[in-house]
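Biologist: Hi! Could you walk me through this model before I start working with it?

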Amino acid sequence: MKRFLPSLGLLLLGSGLGYTSTLTVYQDKTLYTYTANKTYLGMTKNVSAKCDGETVETLSILRCPKDERLCKEATAVEKAQITVNTIQQTSETLEKLLTLAQPDKIDASAWIDAAERIGEAKATLQSKDLIANDELKMKRQQFNKQAPSSKALLSQKVCASELELTLPYGYVNFSTLYEAELQNNKEIKVTQKLSILNRSGIDIEADEAIFYYRNANQYISVINFTPWIVSKYEPRPKRRMVKKKAMSNRAMDEELLMMSAVPSPAPVRQMRATYVDAREYSITNLELPSTGVPLDVEIDSWSTPVSCRLKVYPYMNTNAFTVCSFTPKHQIESNQWKIKSGKVTVNDRGVGQYNDGKYDLYTKKDEDIKIVRESIVRNERETGIFGTTVRKKDGYILSVTNKSDKKKTLTLIDRIPTSTNEAIKVKLLAVKSKEKIDYKISKEGKIEFVLQFSAKESRKIEILFEISYDKDLKVRY
């Protein structure tokens with residue numbers, strides 16, 4: 001069968017951009033549909049093509065259309081490689097010529113002069129070689145960031161209708177970015193963005209792009225009802241262990257198949273991004289060149305009331321931090337945040353989580369709150385008839401200091417042990433402090449204080465509890 005190799009003229013046939021195109025990005029693959037006017041697809045590989053639903057054969061060639069952006073970059077890499085090779089060949093040729101030189105007579109002055117010129121030439125070549133190799137490395141890295149192949153991928157024919165390309169996982173991907181702007185601790189403005197990355201080797205232009213936080217291929221096992229049988233117990237006969245034979249290639253393939261999981265330049269046209277639903281977004285007039293540089297697109301923005309407070313959990317961490325709670329207008333899909341107050345960046349790596357229907361955003365540490373948690377020496381005694389019960393007193397002291405010149409309100413959450421065994425009982429004995437303090441204690445042993453601090457104020461809180469249990473038991477906490 002004679003293979004048809006498209007001419008370069010056919011590759012460039014037609015240059016109109018008035019086509020209808022769609023881009024659908026899933027977590028496991030990407031579909032790009034457009035009206036093609038040439039056979040050139042891009043500097044890519046492992047991409048399948050369909051024309052009007054029929055599979056189109058593709059092939060890779062070394063040459064590519066010179067006016068294509070990525071082709072120009074691939075050509076620049078090739079020229080840089082030729083420069084390196086030329087310098088290296090020149091150096092090798094010079095060394096061969098020097099070994100072949102057989103002077104008839106010794107002229108010290110001429111030798112010195114020749115040695116200087118040869119040394120200068122070799123030094124120049126070495127310097128050029130270093131520079132050329134560095135340039136080649138940079139150009140190659142820049143190209144590899146943008147495209148997975150240095151060869152051009154072509155279709156065997158120009159598709160007269162819609163051409164659909166299926167791109168593998170990782171060629172086009174996206175992530176959600178959240179930015180929070182705090183406004184006087186009373187309102188928060190949440191901005192959601194998509195960060196889209198294209199390194200497919202195909203410059204994409206889509207009139208309509210849809211992004212899904214789900215796989216296109218989802219394997220779901222078929223489940224049928226089976227009765228739950230009760231029967232007479234009969235011990236199973238012991239089976240003789242037989243060494244397992246290695247799987248045949250076919251059996252191994254079937255096993256693997258059963259186990260396999262289905263797993264920037266500014267845009268020219270005016271893009272419009274829309275929040276469609278949770279984990280689903282739409283962008284019109286998307287220009288996404290394969291640059292390997294993320295394109296950040298604003299999806300949604302909304303404001304809502306917020307309540308911020310200073311919190312600390314000394315039993316886990318003695319660092320105090322600010323938590324801002326609010327009710328989201330849309331589902332929060334990523335817990336990584338950039339937090340700002342006006343134009344000032346508060347935290348580039350803030351985190352958050354849902355809590356009792358609200359969303360808690362952990363904004364920053366408060367370096368002005370210093371906390372020391374010290375254990376109190378344990379004391380045991382035995383009570384009951386014949387000393388059958390052990391009563392162990394235990395506790396800790398919290399030393400809290402506000403080092404700042406401002407008043408602070410701190411929510412401090414600590415705990416005492418709690419028991420799930422009736423033979424072990426725990427009770428709070430005392431919460432001591434020179435200043436009057438209010439606290440709440442839950443049945444899970446959670447103790448919550450709301451403490452008011454004036455500037456430079458320090459406080460100590462002593463928490464005592466008792467654990468009682470039979471002396472024959474061993475307990476730990």
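Modeller: Happy to. First a term: two strands pair if DSSP finds at least two bridges between them. Helices (H or I, at least four residues) and strands (E, at least two) are DSSP runs, numbered from the N terminus. This is a predicted model, where local features need pLDDT of at least 70 and side-chain atom pairs count only at pLDDT 80 or more, while totals for chains, interfaces and linings use all residues. Residues are numbered from 1 along each chain as its sequence is written, and side-chain values use heavy atoms, with hydrogens and water left out.

Biologist: Thanks. How do E1 and E11 run, parallel or antiparallel?

Modeller: Strand E1 (residues 22–25) and strand E11 (residues 204–212) run parallel, joined by 4 bridges. Leu23 has Ala209 of E11 as its bridge partner.

Biologist: And what about E11 and E13?

Modeller: That pairing is antiparallel, with 8 bridges between E11 and strand E13 (residues 280–288). Glu205 sits opposite Glu287 of E13.

Biologist: Which residues have the most contacts inside the largest nonpolar core?

Modeller: Leu23, Leu163, Leu165, Ile196, Phe211, Ile283 and Leu286, in a core of 34 residues. A nonpolar core is a set of buried Ala, Val, Leu, Ile, Met, Phe, Trp, Tyr and Cys residues joined through side-chain atoms within 4.5 Å. Buried means under 20% relative accessible area, exposed over 50%, partly exposed in between (1.4 Å probe, protein chains only). A second, separate core has 23 residues, including Tyr396, Leu398, Ile461 and Phe465.

Biologist: What does Ile196 touch?

Modeller: Leaving out residues up to four places away in sequence, its contacts (heavy atoms within 4.5 Å) include Val172, Phe174, Phe211, Ile283 and Val297.

Biologist: Switching topic: how many strands are in the open sheet with mixed pairing?

Modeller: That sheet has 11 strands, in the order E14-E10-E9-E17-E18-E19-E16-E15-E23-E26-E25. Strand E14 (295–305) and strand E25 (439–441) are its edges, each pairing on one side only. Within it, strand E9 (residues 172–183) and strand E10 (residues 187–198) are antiparallel over 12 bridges, and Leu177 has Lys193 of E10 as its bridge partner.

Biologist: Now the helix H3. How far does H3 reach?

Modeller: Helix H3 (residues 108–146) has 39 residues and reaches 57 Å from its first C-alpha to its last, close to the 57 Å expected at 1.5 Å a residue. The expected span is 1.5 Å times one less than the number of residues.

Biologist: Which residues of H3 are buried?

Modeller: Leu125, Ala132, Leu136, Phe143 and Gln146. Helix H2 (69–100) is part of what covers the buried residues of H3.
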